[in-house]
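I opened a notebook page for this model and wrote down what I looked up, entry by entry. The entries begin with a single strand and then widen to the sheet, the core and a few individual residues.

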Amino acid sequence: MSAFHNRSILRFLRILLLPGALAWAGWATAAPVSIPVDSSKSYVKFVGDSFLHDFHGAETRITGSADWDGAGIPSIQKASLVFPVAGVTTFHKKRDEEMFHWLHAKLHPQASFQCEGIRVLSGDCATATAQAPARVAISGTFELNGVRQPLNSNALWWREGSRILVSGKTTVDTLQYGLPQIKKAFMTVGTTIPIDYRFAFVLPQ
């Protein structure tokens with residue numbers, strides 16, 4: 001077989017394979033897809049430690065989204081979550097009114113969390129289930145009362161139908177966010193608030 005014939009075959013193969021190679025390269029470098037948080041399946045709950053008695057609270061209006069990359073490990077690395085102060089309740093009207101005043105709700109009407117990275121600790125996020133979740137480490141920044149502080153936690157990760165769920169616990173020291181300790185008559189509220197959270201993100205169809 002002549003050298004000219006070999007070169008002709010190589011040129012033909014390059015022309016034939018080039019579209020597929022370009023398509024693969026485009027897929028491999030595709031930007032992450034923004035997927036919404038499902039507020040109906042997400043929650044933030046907290047417990048206030050009071051001298052007289054503990055009280056429970058929750059955020060009821062979570063919004064936000066995550067950047068999803070199907071080829072990533074794990075497939076979510078960044079997310080932005082918003083917690084309107086008006087959506088926080090302790091299930092007691094008078095206490096809620098005092099809490100909104102304490103949180104400076106008119107000046108800072110929302111808190112937010114910017115997830116800046118998720119690292120797998122154990123398990124396989126691609127196959128994890130509620131019965132056998134993967135464990136991940138989450139790092140990010142929480143903003144409250146106009147003050148930003150690093151906030152990290154370990155969490156469980158699993159897939160449930162068309163959703164990815166991330167669930168964990170963390171604590172927030174309100175003094176770090178410029179909020180004074182609540183002291184009223186015989187009641188003193190602790191400044192370290194334990195938080196239990198779960199966020200559900202809807203995968204693209």
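Entry 1, strand β2. I began with strand β2, residues 43-48, and sorted its residues by face: Val 44, Phe 46 and Gly 48 lie on the covered face, while Tyr 43, Lys 45 and Val 47 lie on the uncovered one. I noted beside this that in a regular strand the side chains alternate between the two faces of the sheet.

Before going on I recorded the ground rules. The model is predicted, so that local features need pLDDT of at least 70 and side-chain atom pairs count only at pLDDT 80 or more, whereas totals for chains, interfaces and linings use all residues. Residues are numbered from 1 along each chain as its sequence is written, and side-chain values use heavy atoms, with hydrogens and water left out.

Entry 2, partners of β2. Which strands pair with β2? On one count, four bridges join β2 to strand β13, residues 192-202, in antiparallel fashion, and within that pairing Phe 46 has Ile 195 as its bridge partner. On the other, five bridges link β2 with strand β3, residues 55-59, again antiparallel, and there Val 47 stands opposite His 56. Pairing requires that DSSP find at least two bridges between the strands.

I then traced the order of the open sheet, which has 11 strands with antiparallel pairing and reads β1-β4-β5-β7-β8-β9-β10-β13-β2-β3-β6. Its edge strands are β1 (33-36) and β6, each of which pairs on one side only. Elsewhere in the sheet, strand β5 (residues 76-84) and strand β7 (residues 110-122) are joined by six bridges in the antiparallel sense, with Ala 79 opposite Cys 115 of β7.

Thr 89 lies in β6, residues 88-89. Is it buried or exposed? Thr 89 is buried, because its relative accessible area is 17% and buried means under 20% (exposed is over 50%, partly exposed in between, with a 1.4 Å probe and protein chains only). Its side chain reaches the backbone nitrogen of Phe 91 at 2.9 Å. Leaving out residues up to four places away in sequence, Thr 89 touches, among others, Phe 46, His 56, Asp 96 and Met 99, where contact means heavy atoms within 4.5 Å.

The buried residues of α2 are Asp 96, Met 99 and Trp 102. Seen down the helix axis they fall within an arc of 120°, so they line one face of α2; the arc is taken from the directions from the helix axis to the C-beta atoms. The face turned away from that buried side carries the exposed residues Lys 93 and His 101. I also noted that β6 is included in what covers the buried residues of α2, and that His 104, which follows the helix, has a positive phi near 55°.

The largest nonpolar core has 44 residues, and Phe 83, Ile 138, Phe 142, Trp 157 and Phe 201 touch the most other members. Such a core is a set of buried Ala, Val, Leu, Ile, Met, Phe, Trp, Tyr and Cys residues joined through side-chain atoms within 4.5 Å. β13 gives the largest share of this core, six residues. Beyond its neighbours within four places in sequence, Phe 83 has contacts that include Val 44, Phe 113, Phe 142 and Phe 199.

Ser 42 sits in the loop between β1 and β2 and is buried, at 9% relative accessible area. Its C-alpha atom is separated by 4.5 Å from that of Phe 199, 157 residues apart along the chain, and a polar atom of its side chain lies 2.9 Å from the backbone nitrogen of Ala 200. Cys 115 counts as buried at 8% relative accessibility, and Cys 125 is buried at 11%. I found zero disulfides, a disulfide being a pair of cysteine sulfur atoms within 2.5 Å.

Notes:
A polar contact is a pair of N or O atoms within 3.5 Å; within protein, one must be able to donate a hydrogen and the other to accept it, and residues adjacent in sequence count only if both atoms are side-chain atoms.
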